[in-house]
Amino acid sequence: MTNIPNCPKCNSEYAYEDRSLFVCPECGHEWSSSESESVEEQNIVKDAHGNTLTDGDTITIIKDLKVKGSSSVLKQGTNIKNIRLVEGDHNIECKIAGFGAMNLKSEFVKKI
Ligand SMILES: [Zn+2]
């Protein structure tokens, strides 16, 4: 579903989309829809030091993390290979020996 905004000039509800532009039939104003699209940047995930992480990176855990639903703790210094970035609060998907598949928060890891 395309969500067409009101005209930013006259607030008309009758704006329509023409290719990558929105056009207002009432005042003739045209504006770009790519502005709002470009805000939806790629899902950029950064580690605790602000380095950008990418799929396949190796990371290390920078503080002990409790594992949800278990009494286990992921130890600081645990290295994790071949991460995969996902959307959401826990934005790193990975497999950890002895724990299996897990999702971690990027703020608790560091790229190696
Ligand atoms: Zn208008």
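Reader: What spacing do the donors of the zinc ion follow along the chain?

Author: This is a predicted model. Start from the pattern of the metal donors in the sequence. Here the donors of the zinc ion follow C-x2-C-x13-C-x2-C.

Reader: Which residues coordinate the zinc ion, and through which atoms?

Author: Read off the residues, then the atoms and the distances. Cys7, Cys10, Cys24 and Cys27 coordinate the zinc ion, each through SG. The distances run from 2.2 to 2.4 Å.

Reader: What geometry does the site of the zinc ion have?

Author: Look at the angles among the donors. Ideal angles are 109.5 degrees for four tetrahedral donors. In this model the four donor atoms of the zinc ion make angles of 106 to 114°, and the site is tetrahedral.

Reader: Which parts of the chain does the pair Cys7 and Cys24 tie together?

Author: Place each residue among the elements. Cys7 lies in the segment before strand 1 (16-18), and Cys24 in the loop between strand 2 (21-23) and strand 3 (30-32), so the pair ties together parts 17 residues apart in sequence.

Reader: Which residues have a positive phi without being glycine?

Author: Check phi, then the place in the fold, then exposure. Asn11 has a positive phi of about 65°. Asn11 sits in the segment before strand 1. Its relative accessible area is 52%, so Asn11 counts as exposed. Arg19 is another case, with phi near 55°. Arg19 lies in the loop between strand 1 and strand 2. At 72% relative accessibility, Arg19 is exposed.

Reader: Now the pockets. What volume does the largest pocket have, and which residues line it?

Author: Take the volume, then the lining. The largest pocket has a volume of about 230 Å³. Its lining includes Leu65, Lys66, His90, Met102 and Phe108. Strand 12 gives the most, with three residues.

Reader: Which polar contacts does the side chain of Thr60 make?

Author: Follow the side chain to its partners. The side chain of Thr60 reaches the backbone oxygen of Thr78 at 3.4 Å. It also makes a polar contact with the side chain of Asn79, at 3.0 Å. Thr60 lies in strand 6 (residues 59-61). Its relative accessibility is 10%, so Thr60 is buried.

Reader: What does the side chain of Asn91 reach?

Author: The side chain of Asn91 reaches the backbone nitrogen of Ser106 at 3.0 Å. Asn91 is in the loop between strand 10 (84-85) and strand 11 (92-96). With a relative accessible area of 12%, Asn91 is buried.

Reader: How many residues separate Glu107 and Asp47 along the chain?

Author: Glu107 and Asp47 are 60 residues apart along the chain, and their C-alpha atoms are separated by 5.3 Å. Glu107 lies in the loop between strand 12 and strand 13 (109-111). Glu107 is partly exposed, at 46% relative accessible area.

Definitions and conventions
Residues numbered from 1 in each chain as written. Predicted model: local features only at pLDDT ≥ 70, side-chain atom pairs only at ≥ 80, totals over all residues. Heavy atoms only, no water. Donors = N, O, S within 2.8 Å, 3.2 Å for Na, K, Ca; no water. Tetrahedral: all angles 85-135°; square planar, octahedral: opposite > 155°, others 65-115°. Helix = DSSP H or I, 4+ residues; strand = E, 2+ residues; numbered from the N terminus. 1 Å grid on protein atoms, 1.4 Å probe; cavity = no way out; pocket = protein on both sides within 12 Å on 5 of 7 lines; lining within 4 Å. Points joined across faces, edges and corners; volume = space filled by probe spheres on them. Buried < 20%, exposed > 50% of the residue type's maximum accessible area, 1.4 Å probe, protein only. Polar contact = N/O pair within 3.5 Å; in protein donor to acceptor, adjacent residues only side chain to side chain.
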